[in-house]
Amino acid sequence: MRIASTDAADADTTREVAMPDAAEPPAGPERGDDLAWFTDVVHEHSSALVKYFARRGPRQDAEDLAADVFATAWRRRADVPREAVLPWLYRTAGFTLANHRRKVVDLPVEHVPDAGSSRVGDDPELSALFDAELRGALQSIGERDRRIILLHAWEGLDGEALAAVLGISRSGADAALSRARKRLREAWGERTTF
C-alpha cells in the first residue's frame, strides 16, 4: 500500500506500508477482489485520512496513523460497509487517535512550536488572540461536542456520514450537531474579549 504525501513540497514522495503476512487473504478469486477494493479505498481516501490526523495531532504522525487505519481496514475488510467506507475509516481513525494520544509523552511548553497562520487580517497580535480564544472555546465544550464540531467543520461530515462515524442514528447525529453548535456559540460568546 502506498500513501501519497499531501504536502505540495513533498508531492513526489510516497511511503511504503507493508501488510503483515498473517493478514493476507486466502488464494483464489476473492484475493484479487479484496486487493482491488482495498487499493481503490487507499487511493480514494488516503488524503482525507492524513488531513484528519494532521488537523488533530502532530503532523509528523499523520501518515503513520493513516497507515494504521488502513491496516485495520485490511484486516477487517469483511466488516467494512462498502456503501460507507469513509465514515467507517473516520470512526476507526478516532479510535486510532485516542490510542495514540495515550502513548504521547508530554512536551514542555517552551518546545511547543507556534502554529497557524494569520486568520484575522494582517495583525499578528489579533490573530494570536483570536486563535487562542477559539481554541479555548473548543476546549470548553467537552470532548464529544468538540469531536462532532471538528468532524463537521474539518471533514465535512453531516447526516448519515456523521451518524455512521458517531455510531448513532441520523436524527441523533443531527441533534448532537445542533447541540454542539449551540454550546460552541455560547462558549465563544463568553470568551470573546475583543
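The following exercises, with worked solutions, concern a predicted model of a protein chain.

**Exercise 1. Overall composition**

Task: State how many helices and strands the protein chain holds, and in which order they follow one another.

Solution. Step 1: the count gives 7 helices and 2 strands. Step 2: read along the sequence, these elements are arranged as β-β-α-α-α-α-α-α-α. Step 3: as to burial, 36% of the 194 residues in the chain are buried. Step 4: for contacts between residues at least 6 apart in sequence, 63% connect residues at least 24 apart.

**Exercise 2. The packing of H2 against H3**

Task: Determine how the axes of H2 and H3 are oriented relative to each other, and which residues form the contact.

Solution. Step 1: two packed helices are described by the angle between their axes and the distance between the axes. Step 2: helix H2 covers residues 62–75 and helix H3 covers residues 85–103; their axes come within 9 Å and cross at roughly 125 degrees. Step 3: angles of 65 to 115 degrees count as roughly perpendicular and those over 145 as roughly antiparallel; H2 and H3 are therefore oblique to each other. Step 4: the crossing of H2 past H3 is right-handed. Step 5: on the H2 side the contact involves Leu-65, Asp-68, Val-69, Phe-70, Thr-72 and Ala-73, which meet Trp-88, Leu-89, Thr-92, Ala-93, Thr-96, Leu-97 and His-100 of H3. Step 6: sorted by class, this contact of H2 with H3 comprises 8 nonpolar, 4 polar and 1 charged residues.

**Exercise 3. The surroundings of His-45**

Task: Decide whether His-45 is buried or exposed, and identify which residues it touches.

Solution. Step 1: His-45 belongs to helix H1, which spans residues 29–56. Step 2: the relative accessibility of His-45 is 9%, and the limit for a buried residue is under 20%; His-45 therefore counts as buried. Step 3: leaving aside residues up to four places away in sequence, His-45 touches Phe-70, Val-85, Leu-86 and Leu-89. Step 4: for one of these, Phe-70, the separation from His-45 is 25 residues in sequence and 9.6 Å in space, C-alpha to C-alpha.

**Exercise 4. Aromatic residues**

Task: Classify the pair formed by Trp-37 and Phe-38, and state which aromatic cluster contains these residues.

Solution. Step 1: a pair of aromatic rings is described by the distance of the centres and the angle of the planes. Step 2: the structure holds 5 aromatic pairs. Step 3: in the pair of Trp-37 and Phe-38, the ring centres are 6.4 Å apart and the planes stand at 45 degrees, so the pair is tilted. Step 4: Trp-37 is buried, its relative accessible area being 15%, and Phe-38 is likewise buried, at 2%. Step 5: Trp-37 and Phe-38 form one aromatic cluster together with Phe-70 and Trp-74. Phe-70 also takes part in the contact of H2 with H3 and is touched by His-45.

**Exercise 5. The two contacts of H6**

Task: Describe how H6 meets H5 and H3, and state which residues take part.

Solution. Step 1: the axes of H5 (residues 143–153) and H6 (residues 159–166) come within 11 Å and cross at roughly 140 degrees. H5 and H6 are therefore oblique to each other, and H5 passes H6 in a right-handed crossing. Step 2: Arg-147, Ile-148 and Leu-151 of H5 make this contact with Leu-162, Val-165 and Leu-166 of H6. The class count is 5 nonpolar, no polar and 1 charged. Step 3: the axes of H3 and H6 come within 8 Å and cross at roughly 35 degrees, and this crossing is also right-handed. Step 4: Pro-87, Tyr-90 and Arg-91 of H3 meet Ala-161, Ala-164, Val-165 and Leu-166 of H6. Here the classes are 6 nonpolar, no polar and 1 charged.

**Exercise 6. Gly-142**

Task: Locate Gly-142 and state how accessible this residue is.

Solution. Step 1: Gly-142 lies in the loop between H4 (124–140) and H5. Step 2: with 28% relative accessibility, Gly-142 counts as partly exposed. Step 3: Leu-184 is 42 residues from Gly-142 along the chain, and their C-alpha atoms are 9.6 Å apart.

Terms used:
Residues are numbered from 1 along each chain as its sequence is written. This is a predicted model: local features need pLDDT of at least 70, side-chain atom pairs count only at pLDDT 80 or more; totals for chains, interfaces and linings use all residues. Side-chain values use heavy atoms; hydrogens and water are left out. Axes are lines fitted to C-alpha atoms, for helices over the stretch in contact, and angles run from 0 to 180 degrees between N-to-C directions. Helices (H or I, at least four residues) and strands (E, at least two) are DSSP runs, numbered from the N terminus. Angles under 35 degrees count as roughly parallel, over 145 as roughly antiparallel, 65 to 115 as roughly perpendicular and the rest as oblique. A crossing is left-handed if the near helix is turned anticlockwise from the far one by less than a right angle, and right-handed if clockwise. Contact means heavy atoms within 4.5 Å. Ala, Val, Leu, Ile, Met, Phe, Trp, Tyr, Cys and Pro count as nonpolar, Asp, Glu, Lys and Arg as charged, and the others, Gly among them, as polar. Rings of Phe, Tyr and Trp (its six-membered ring) pair if their centres lie within 6.5 Å; planes under 30 degrees apart count as stacked, over 60 as edge-to-face and the rest as tilted. Buried means under 20% relative accessible area, exposed over 50%, partly exposed in between (1.4 Å probe, protein chains only).
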